[in-house]
Amino acid sequence: MQTKSMPQPDEALQILLEGNNRFVSGDNHYPNHSPERRRAVAGGQSPIAAILSCSDSRVPPETIFDQGIGDLFVIRVAGNIIGVHSLGSIEYAVMHLKTPLVMVMAHSCCGAVGAVANKVPLEGHMASFVPAVQAAIENCNDEAGDLVDNAARIVARMVATQIATSEPIIADYVKAGRVKVVTAYYDLVSGEVTLL
Ligand SMILES: [Zn+2]
């Protein structure tokens, strides 16, 4: 069950960017945090965006975009890489919640990307981060600037492409213009989100 009419993909993106502007200037409105809102969405959600971001404690999407309860469908995993569970979660948002926008958000100084870039041995299941990040690093060796931050941007772009072309569900929604997949980069210091 949906609780309101959905914005178009570009309108949803505009809402996020305006919220980020408030966050950057220290003017968060903290919308949709009230007990009334909590009760209003208990029976159904209509998040305007699905956001895949890093688990990093400094990168909370609701705060960064000044959104509240029921506004964002968030998937967080170290390095904002994609796997089957994350992809299935995004499919659920797109197909069943009619979420019009999917955002993959990388960030500066990402520890997961940095560990792979600096060849830090990753124990246990952390080793599963390596292939996706390594592929990005191999694609940015000639770029000027910080290797880790460049690689983080490329991880986000590669993941966004994987999502946008994912068969059988999301690719069809993208082709029909019902969903837009965008890539963004969050700066830990300025708080600014830049579209890539
Ligand atoms: Zn990170």
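Of the 196 residues of the protein chain, 35% count as buried. The model is a predicted one. The protein chain holds 8 helices and 5 strands, and along the sequence these follow the pattern α-α-β-α-β-α-β-α-α-α-α-β-β.

**Overall dimensions and contacts**

- A compact globule with 196 residues would have a radius of gyration near 16 Å, and the 17 Å of the protein chain agrees with this.
- Taken along the principal axes, the C-alpha atoms of the protein chain fill a box of roughly 50 × 40 × 30 Å.
- Among contacts in the protein chain with a separation of 6 or more, 71% join residues 24 or more positions apart.

**Helix 1**

- Helix 1 covers residues 9-24, and its 16 residues reach 23 Å from first C-alpha to last, close to the expected 22 Å.
- Its buried residues are P9, A12, L13, L16, G19 and N20. Seen down the axis of helix 1, these buried residues fall within an arc of 125 degrees, so they line one face of the helix.
- In general, an α-helix has 3.6 residues a turn, so residues three or four places apart point the same way.
- Strand 1 (49-53), helix 3 (61-64), strand 3 (101-107), strand 4 (180-186) and strand 5 (193-195) pack against the buried residues of helix 1.
- Exposed residues D10, E11 and E18 lie on the face of helix 1 turned away from its buried side.
- After helix 1 comes G26, with a positive phi near 70 degrees.

**Helix 4**

- Helix 4 comprises 13 residues, 84-96, and reaches 17 Å from its first C-alpha to its last, close to the 18 Å expected.
- I90, A93 and V94 are the buried residues of helix 4. They fall within an arc of 95 degrees when seen down the axis of helix 4, so they line one face of the helix.
- The cover over these buried residues of helix 4 includes strand 1, strand 2 (72-76), strand 3, helix 7 (147-164) and helix 8 (170-175).
- On the face of helix 4 turned away from its buried side are the exposed residues V84, H85, G88 and H96.
- K98, which follows helix 4, has a positive phi near 60 degrees.

**Nonpolar core**

- The largest nonpolar core has 51 residues, of which V113 and V155 touch the most other members. Helix 7 supplies the largest share of this core, 9 residues.
- Apart from its neighbours within four places in sequence, V155 is in contact with G79, N80, I81, A106, V113, A132, V133 and A136.
- In soluble globular proteins, nonpolar side chains tend to be buried together.

Notes:
Residues numbered from 1 in each chain as written. Predicted model: local features only at pLDDT ≥ 70, side-chain atom pairs only at ≥ 80, totals over all residues. Helix = DSSP H or I, 4+ residues; strand = E, 2+ residues; numbered from the N terminus. Expected span 1.5 Å × (residues − 1). Buried ≥ 20, exposed ≤ 12 C-beta atoms within 10 Å, placed from the backbone. Arc of directions from axis to C-beta. Contact = placed C-beta atoms within 7 Å. Core = buried A, V, L, I, M, F, W, Y, C linked by C-beta atoms within 7 Å. Rg over C-alpha atoms; globule rule 2.2 N^0.38 Å.
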